[in-house]
Amino acid sequence: MRADAPTTGLRVLAAALDVYKRVVTVPALSPPNPVRFTGFDMTAVVREVRVEARDVVSLTLALPGGELLPSWRPGSHIDVFLPSGRQRQYSLCGDPRERRSYRIAVRRLADGEGGSREAHTLAVGDPVRIQGPRNAFTFIETAPSYLFLAAGIGITPILPMVRAAGARGRLVYLGRSRESMPFLDELPGSVDIRPDDEGATPDIAAILASARPGAAVYVCGPPAVLTAAQRCLFDLNPTASLHTERFSALPVLNGRDFDLTLARTGVTVRVGSGETALAAIRRVKSDVVYSCRQGFCGTCKIGVRSGDVEHRDRLLSDGERAGHMLTCVSRSTGGPLVLDL
Ligand code: FES
């Protein structure tokens, strides 16, 4: 597919209309909610596979004819459709000035849900459908200074930001061991690299306390690191701004049990108070599609035939909520739900 083909023009128009629609119809666009805009949809080819660290490979994707790809900014991700149909989101970790390829990196999770293991089977020449790029982790280019805190594979969205920030930025990079930490050889010499096996457990509060007044603080890593940052940054530095991205599902807060019936098969599952509707559905329908598990990509949107939904997503308009729900975050208000699934 050519990036400048006529169909691309239509997609650009559709994307613009989608943005316009959201700007004029969503009542509150106040930050920090990331919003999913319609992106490009194309079939790329794997051009290079590189081992970047233990259990981490990078994949370089390009269009078959080497055409220009849509531009992107630090913090952006693409949706990757794996051969099984699984849809996963990966941060772009290459150079935004390189317009003919995208680079993503994937850590293989032995006990994960299969997406990372499947991504690791991709080989040079394999076709891969991708969508995007989209950006839910916006890099503010005008901050006076930056503190970046990346843990493990959380380095992927941070890496282009570090390059863009230049001398205004400082990166603290956490990991289990140097062998497990990708892209060490691409980082500037001033990076503070802290593998667990070379020292004490990192003190997140102490790291954040080093941010200058007014700094933009970007954190990407496991839930414990994000939670610690959210808890303590503003006590430590009230004028800083905090920007986080998580790769894992949101925890369920204040959930209640309810029954959920899949109308097409008649199967009913009980959704526990501490699990998502999506998790319960997956017990009886393993091929149900999902991606972000945080209520912003829309992949898990399903029609609701009956029941009252407590919407907890950050995507659907009021009109879309009438008759639909995002099962990765939204739940019943208490009674049973019947889904069009
Ligand atoms: S999986 Fe992304 S909104 Fe549910």
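Are Phe137 and Tyr218 buried or exposed? Phe137 is buried, and Tyr218 is buried as well. Please keep in mind throughout these views that the model is predicted.

**View 1. Tyr146 and Tyr218 form a tilted pair.** Here the ring centres are 6.5 Å apart and the planes stand at 35°, so the pair counts as tilted. Tyr146 is in strand β7 and Tyr218 in strand β10, so the pair ties together parts 72 residues apart in sequence. Tyr146 is buried, and so is Tyr218.

**View 2. Ring pairs build a cluster around these residues.** Which residues do the ring pairs link into a cluster? They are Phe137, Phe139, Tyr146, Phe148 and Tyr218. Setting aside residues up to four places away in sequence, Tyr218 touches Phe137, Phe139, Tyr146 and Phe148, and its other contacts include Ile158, Met161 and His243.

**View 3. The largest nonpolar core has 26 residues.** Those with the most contacts inside this core are Tyr146, Phe148, Ile155, Ile158, Leu171, Tyr173 and Tyr218. Two or more residues come from each of the elements β7, α3, β8 and β10. Helix α3 gives the most, with six residues. A second, separate core of 24 residues includes Ile302, Met325, Cys328 and Val329.

**View 4. Helix α3 is largely enclosed by the rest of the structure.** Why can we say so of this helix? Nine of the eleven residues of α3 (residues 155-165) are buried, so the rest of the structure largely encloses the helix. Among these buried residues are Ile155, Ile158, Leu159, Met161 and Val162. Their cover includes strands β4, β5 (102-107), β7 (146-151), β8 (169-175), β10 (216-220) and β11 (241-245). After α3 comes Gly166, with a positive phi near 55°.

**View 5. Ser91 is a buried residue of strand β4.** The strand covers residues 87-91. Ser91 has a relative accessible area of 5%, which is under the 20% limit for a buried residue. What does Ser91 touch, leaving out residues up to four places away in sequence? The residues are Ser76, His77, Arg103, Ile104, Thr156, Pro157, Glu245 and Phe247. Two of these neighbours, Thr156 and Pro157, are also among the buried residues of α3.

**View 6. Val45 is buried in strand β1.** Strand β1 covers residues 40-53, and the relative accessible area of Val45 is 12%. Leaving aside neighbours within four places in sequence, Val45 is in contact with Thr60, Leu61, Ala62, Pro64, Gly125, Asp126 and Pro127. How far apart in space are Val45 and Ile130, C-alpha to C-alpha? The distance is 9.8 Å, while in sequence Val45 and Ile130 are 85 residues apart.

**View 7. Arg129 lies over the face of Phe81.** Arg129 is placed at 3.9 Å from the ring centre of Phe81.

Key. Residues are numbered from 1 along each chain as its sequence is written. This is a predicted model: local features need pLDDT of at least 70, side-chain atom pairs count only at pLDDT 80 or more; totals for chains, interfaces and linings use all residues. Side-chain values use heavy atoms; hydrogens and water are left out. Helices (H or I, at least four residues) and strands (E, at least two) are DSSP runs, numbered from the N terminus. Buried means under 20% relative accessible area, exposed over 50%, partly exposed in between (1.4 Å probe, protein chains only). Contact means heavy atoms within 4.5 Å. A nonpolar core is a set of buried Ala, Val, Leu, Ile, Met, Phe, Trp, Tyr and Cys residues joined through side-chain atoms within 4.5 Å. Rings of Phe, Tyr and Trp (its six-membered ring) pair if their centres lie within 6.5 Å; planes under 30 degrees apart count as stacked, over 60 as edge-to-face and the rest as tilted. A charge sits over a ring if NZ of Lys or CZ of Arg is within 6 Å of the ring centre and within 35 degrees of the ring normal.
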